[in-house]
Amino acid sequence: MLGEIGIIFATTKLIRESTMELKEDTTIVVLGASGDLAKKKTFPALFGLYRNKFLPKDIHIIGYARTKMDHEEYLRRVKQYIKTPTKDVEEQLEDFCKCCSYISGQYDQDEPFQNLNKHIEEFEQGRKAGNRIFYMALPPSVFIPVSQHLRKNCYPNNGIARVIIEKPFGKDLQSSRELQRALEPDWKEEEIFRIDHYLGKEMVKNLLILRFGNEFLGATWNRNHIDSVQITFKEPFGTEGRGGYFDEFGIIRDVMQNHLLQVLTLLAMERPISFSSEDIRDEKVRVLRGIPAIEPKNVIIGQYGKSLDGTKPAYKEDDTVPKDSRCPTFCAMVAYIRNERWDGVPFILKAGKALNEQKTEIRIQFKDVTSGIFKDIPRNELVIRIQPNESVYLKMNSKLPGLSMQTVVTELDLTYRRRFSDLKIPEAYESLVLDALKGDHSNFVRDDELDASWRIFTPILHYLDEKKEIVPMEYPYGSRGPAVLDDFTASFGYKFSDAAGYQWNTASNKAAL
Ligand SMILES: NC(=O)C1=CN([C@@H]2O[C@H](COP(=O)(O)OP(=O)(O)OC[C@H]3O[C@@H](n4cnc5c(N)ncnc54)[C@H](OP(=O)(O)O)[C@@H]3O)[C@@H](O)[C@H]2O)C=CC1
Ligand SMILES: O=C1O[C@H](COP(=O)(O)O)[C@@H](O)[C@H](O)[C@H]1O
């Protein structure tokens, strides 16, 4: 009996600690502090939180990596991507730098982690507790040794520990499970925050509100009214400088299995019982389990070649990429959800590097209105623009003002920059680091969610890896992707309509921005 009470107390303490907001007595350690992610995203996000007073009181931030560098060089890197438009911000940045220090060490030995521990303890002197957040801005090859050494040498004796892990979480179902098994003995699920930074993006966070807070959307959000859903990720640049990493992973693992699938999940899941992290993640797992593995016949892959004007290099011209690489830099694929709401509705996922523009958006195409009084009237489309220029617009038919009964495509338009012009949209990483400080897991990936998502993608990934005769179709750098793309989406029922030359973001819209 006493044993049971002990377990109940321990569990209650764990739940309390896992959701406790860290407001003081906290050190953040950024591992891989010399790297690309740290300088471009992590430090700017930490500074953004610092200047808006969202970091715990008396925070100390320690950078850790193998590279040897002095304090000045480290601060130069920390500041490199932080914009200081005013004198005030410049001063705040100088104050922020006073909270930063750096220590170098290997990732696979006890001694440097013991040094790190001593360094952390110096800042914990006189504090009531020593809470520690470990942010692993590291390549996946070192996740396991680093997490083990942190647990062994740097776990707090008197305080809360949280570890933030960056994607990719494995390369397939098996390696993801291996990573999970390696973390399990040392870190409880409540202590692990697996980042998918798309979950921190403002418009992605809005999806549940848009869907469940609007009756007119909720009522039509199903196979009876929706014909297809497209989720598109486009980048206008190639792998520049990241070819070594990218060639091992490819666009499906880099963007689709994580970012685009997260968006799909939020679009397709059922209403959670509450906004608590576990209720949300339970529903996400449920919908993922209803998605069968992607079938090869529903996939096209591409790889960028030189730009048409010859100024931009082909993927294979990157020095870090093997000359015979079959790595896809573009993919379009279709997923289906076998449940009552979505059966038969194609979810078309498209992602590509070195395309004609930068854009991530969701395009929900409704079914045709019943014919009779209308001939060739375009379908309604709800477009949710995740980035850039966050917006939601519904393409709808209306009567053209005047004496005739001519119809015209127009839109209901919520463009954030116009509607919320005085509000700043936080960076995804700011939002997620703050969630981790608060102990809120809602926007982080749970272990079973990861498992369910790899189940969907692993067969197609293995198929493409193994079938050497499958070569990605070449598309020119700066184009819309492989030439067959439009036929591919049309074959899943997507109707492209350029009715009356309709274009969102017309001159008047642009002028208002
Ligand atoms: N860069 C980005 O835009 C994004 C990155 N990510 C993820 O964040 C993580 C870090 O990415 P990123 O910063 O780009 O990676 P980097 O390649 O810049 O690696 C980060 C640091 O890790 C160390 N490192 C690099 N390669 C190795 C190696 N083979 N063995 C041991 N240590 C190594 C280096 O530090 P040192 O040698 O000094 O120890 C390096 O500065 C990855 O998991 C990535 O997928 C996620 C989203 C976007
Ligand atoms: O995780 C990744 O995301 C970026 C795109 O992120 P975004 O916030 O700029 O949309 C992508 O460039 C990178 O290849 C990938 O690893």
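Me: Which polar backbone atom is 2.9 Å from an oxygen atom of ligand 1?
Reply: That of L138. A polar contact here is a pair of N or O atoms within 3.5 Å; within protein, one must be able to donate a hydrogen and the other to accept it, and residues adjacent in sequence count only if both atoms are side-chain atoms. This is a predicted model, where local features need pLDDT of at least 70, side-chain atom pairs count only at pLDDT 80 or more, and totals for chains, interfaces and linings use all residues. Residues are numbered from 1 along each chain as its sequence is written, chains are lettered from A and ligands numbered from 1 in the order written, and side-chain values use heavy atoms, with hydrogens and water left out.

Me: What does D36 do at ligand 1?
Reply: D36 has a polar side-chain atom 2.9 Å from a nitrogen atom of ligand 1.

Me: How much of ligand 1 does the protein bury?
Reply: 76% of the 870 Å² that ligand 1 exposes when taken alone. The areas are Shrake-Rupley values with a 1.4 Å probe.

Me: And K167, where does its backbone come in?
Reply: A polar backbone atom of K167 is 2.8 Å from an oxygen atom of ligand 1. The K167 side chain has a polar atom 2.7 Å from an oxygen atom of ligand 2.

Me: How does the shell around ligand 2 divide?
Reply: Into 2 nonpolar, 3 polar and 6 charged residues. Ala, Val, Leu, Ile, Met, Phe, Trp, Tyr, Cys and Pro count as nonpolar, Asp, Glu, Lys and Arg as charged, and the others, Gly among them, as polar. Around ligand 1 the division is 11 nonpolar, 4 polar and 5 charged.

Me: Back to K167. Is the peptide bond to P168 cis or trans?
Reply: Cis, with omega near -5 degrees. The bond from Q387 to P388 is also cis, with omega near -15 degrees.

Me: New topic. At what angle do the axes of α11 and α14 cross?
Reply: Roughly 20 degrees, with the axes of α11 (residues 277–289) and α14 (residues 447–466) coming within 9 Å. Helices are DSSP runs of H or I, at least four residues, numbered from the N terminus. Axes are lines fitted to C-alpha atoms over the stretch in contact, and angles run from 0 to 180 degrees between N-to-C directions.

Me: So are they roughly parallel or antiparallel?
Reply: Roughly parallel, a term for angles under 35 degrees.

Technical notes: Helix = DSSP H or I, 4+ residues; strand = E, 2+ residues; numbered from the N terminus. Parallel < 35°, antiparallel > 145°, perpendicular 65-115°, else oblique.
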